[in-house]
Amino acid sequence: MEAYLERWRDAGPPLNLISITELNRNSAQVLLELAAEMKRGTKQGREFYRFDRPIAAAMIFEKPSLRTRVTFEIGLYQMGGHAVYLTQNDIQMGRREAVMDVARNLGRWAEFVVARVYLHSILEELAIHTGAPIINALSDVEHPCQALADLLTIRERKGTSALKLAWVGDGNNVCHSFALLGAMLGHEVVIATPKGFAPDAKFVGDQVALTNDPAEAARDADVVYTDVWVSMGFETEREIRMRAFKDFQVNSRLLSLAKPDAIVLHCLPAHRDEEITSEAMDGPQSAIWDQAENRLHAQKALMALIPIPPENAPPRPS
């Protein structure tokens, strides 16, 4: 573990993980290598790393969750830490109490904060006032923990050579983080969306190709990735989106354009036979369940590497 920590420090580690842009190619590679090592240890019935002192994470969840909550809580348990789960009803952040005041309280008690929020700006405000590391467990702009699991899955299925990664569907928060990390690690990333649903250019960079043709993205791709067409918070747009995305389904026809050994990814939850067919989800090319499992290992690696303030350090001034 010390070798990973030394390489992480040499790479210039971030104080938080609010955006994939806080990583660089070296730190991302260290994190993914450690995640793979932790996964091997778990499969062999041994734990590669445990915290050297009691660690508590405050988990703020404004949105519901299966994979994110379960993998963070189990990961903390496996490493000897403890999670405190807080819904919006518990703390009413921004209504019952100002975000900065919530942050100042949590920074006195918890070693780090995992936050799944509607607005990305909430994460930035937490980072200013908490004094403990903030991990973005989803916001309206990014989902970096998901991207780490995605690239870990690609790494274990396809190795470390440069690949063509196709995103087909909505240019959403998951798309932003996936494209940023994929390009950072040297892959060719092509994103196909309907007109009007492209990712925000400032979050994907000019290394990523954009198209409105799903066939162009999928052709000769090593990875074909999709997500729901109607994400949380966009339910009122369902009818508009269903019409706009009708030609963007990941199915056997689209997959026939990709390489024969291409893998299929989906961050879940999926709406079967909308954005992806059951045949594609459950077929031999699917790596979706490995991808879901890898949330646990990628997040454990992140929590092991993120710099936690010393036990007796005074709070950072707000």
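Helix 7 and helix 14 cross in a right-handed sense. A crossing is right-handed if the near helix is turned clockwise from the far one by less than a right angle, and left-handed if anticlockwise. Helices here are DSSP runs, H or I, of at least four residues, and strands are E runs of at least two, numbered from the N terminus.

A word on the model. It is predicted, so local features need pLDDT of at least 70 and side-chain atom pairs count only at pLDDT 80 or more, while totals for chains, interfaces and linings use all residues. Residues are numbered from 1 along each chain as its sequence is written, and side-chain values use heavy atoms, without hydrogens and water.

Back to the pair. Helix 7 is residues 144-158, helix 14 is residues 288-305, and their axes come within 8 Å and cross at roughly 110 degrees. Axes are lines fitted to C-alpha atoms, for helices over the stretch in contact, and angles run from 0 to 180 degrees between N-to-C directions. The two helices are therefore roughly perpendicular; that term covers 65 to 115 degrees, under 35 is roughly parallel, over 145 roughly antiparallel, and the rest oblique. Helix 7 brings residues including C145, L148, L152 and R157 to the contact, and helix 14 brings residues including D290, R295, A298 and L302. Contact means heavy atoms within 4.5 Å. By class, this contact has six nonpolar, six polar and five charged residues. Ala, Val, Leu, Ile, Met, Phe, Trp, Tyr, Cys and Pro count as nonpolar, Asp, Glu, Lys and Arg as charged, and the others, Gly among them, as polar.

Next, helix 5. Which of its residues are buried? In helix 5, residues 99-109, they are V99, V102, A103 and L106. Down the axis, these buried residues fall within an arc of 100 degrees, so they line one face of the helix. The arc is taken from the directions from the helix axis to the C-beta atoms. Their cover includes strand 1 (55-61), strand 2 (81-87), helix 4 (88-91), strand 3 (112-116) and helix 6 (120-130).

Take helix 6. Helix 5 packs on helix 6 at about 50 degrees, with axes 8 Å apart. That makes helix 5 oblique to helix 6. The crossing is right-handed. V99, M100, A103, R104, L106 and G107 in helix 5 meet I122, E125, L126, H129 and T130 in helix 6. Those residues divide into six nonpolar, three polar and two charged.

Last, E37, in helix 2, residues 25-43. Buried or exposed? E37 is buried, at 16% relative accessible area. Buried is under 20%, exposed over 50%, partly exposed in between, with a 1.4 Å probe and protein chains only. Leaving aside neighbours within four places in sequence, E37 contacts Y4, R46 and F48.
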